[in-house]
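The exercises below go through one protein model with its ligands, and each task is followed by a solution in steps. Please work on every task with the structure open before you read its solution.

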Amino acid sequence: MPPTLTAPLAPPVPADPDASKVPRHVAVIMDGNGRWARERGLPRIKGHEEGSKSAGAVVQACADAGVQYLTLYAFSAENWRRPAAEVSALMKLLERFLREKTPEMIKNGVRLRAIGHLADLPAACRKQIALSMEATGNGQALTLILALSYGGRNEIIDAVRRLATQAAAGEINPAEIDEAVFSGTLDTADYPDPDLLIRTSGEMRLSNFLLWQLSYTEIYVTRKLWPDFREAELHEALRDYAQRSRRFGAI
Ligand code: IPE
Ligand code: IPE
Ligand code: MG
């Protein structure tokens, strides 16, 4: 009998040949709102307002591009050092952003999460965050993680304290603390490390963002100020990322 000509099935052709090059997790240091406003002779808060539109645009563009996690650095632990009026305007803007965007997030399958010392935030903000997290909890397309009153060093210290407390109580053997255990003790325990870090406004620094998680992340810095960073700029960053060769120390 002739051999049956049933060759193994060809692997399915991916719909998007570059799909594998889409970063699973994008993290963004949204910087340059103040400079954007200054260039126009406007108060800083106008820059923040325009920047919140960029945040909305980038959330949508990431969801559309197939990014699964997007972490936005919205307020750092160090940003409390700004004038009280700017801090309070930023908090109000955050609350408004979440209130206005929640229906759209639900519609687009965006699930909201937050990291950082949320207890530092005003009660009205915390309430809105809780409402939006609850309302978007079933989102399957994109997990949007807002870093709020977030500092990478604080986060590491908090994790060390938790582990030390467990060790002192005999609940964990110090010899068992490895990278996975440590990662699982951070605020970001439920998320993969970022594949791509974007920083706008040209500053070449991390500003205390995700210090542990960014160890092998690809970094993309653009001189564009955050209010000018929209869908087209995000696509440019994704194209740049797709050209990178990630080696993780191997050859
Ligand atoms: C980023 O823009 C927004 C936050 C840090 C909250 P900035 O306010 O830092 O803008 P620049 O750096 O002063 O231009
Ligand atoms: C980093 O921007 C924090 C956020 C984007 C929320 P900053 O403007 O606070 O950082 P530095 O002060 O320039 O390092
Ligand atoms: Mg700044």
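Two strands count as paired if DSSP finds at least two bridges between them, and the elements themselves are DSSP runs numbered from the N terminus, namely helices (H or I, at least four residues) and strands (E, at least two). This is a predicted model, in which local features need pLDDT of at least 70 and side-chain atom pairs count only at pLDDT 80 or more, while totals for chains, interfaces and linings use all residues. Residues are numbered from 1 along each chain as its sequence is written, chains are lettered from A and ligands numbered from 1 in the order in which they are written, and side-chain values use heavy atoms, with hydrogens and water left out.

**Exercise 1.** Determine how many bridges join strand β5 to β6, and the order of the strands in the sheet.

*Solution.* Start with β5 (residues 196-199), which runs parallel to β6 and is joined to it by four bridges; within this pair, R199 stands opposite V221 of β6. Extending the pairing gives an open sheet of six strands with parallel pairing, in the order β3-β4-β2-β1-β5-β6. Because β3 (110-115) and β6 (218-221) are at the edges and have a single partner strand each, one side of each lacks a neighbour in the sheet. From one strand to the next, the twist averages 20 degrees.

**Exercise 2.** Find which strands helix α3 and helix α7 lie against.

*Solution.* Contact means heavy atoms within 4.5 Å, and angles, from 0 to 180 degrees, are taken between N-to-C directions of axes fitted to C-alpha atoms, for helices over the stretch in contact. Helix α3 (residues 84-108) touches β2 (69-76), β3 and β4 (142-150), and its direction makes about 170 degrees with that of β4. Helix α7 (residues 231-242) lies across β1 (25-29), β5 and β6, at about 140 degrees to β5.
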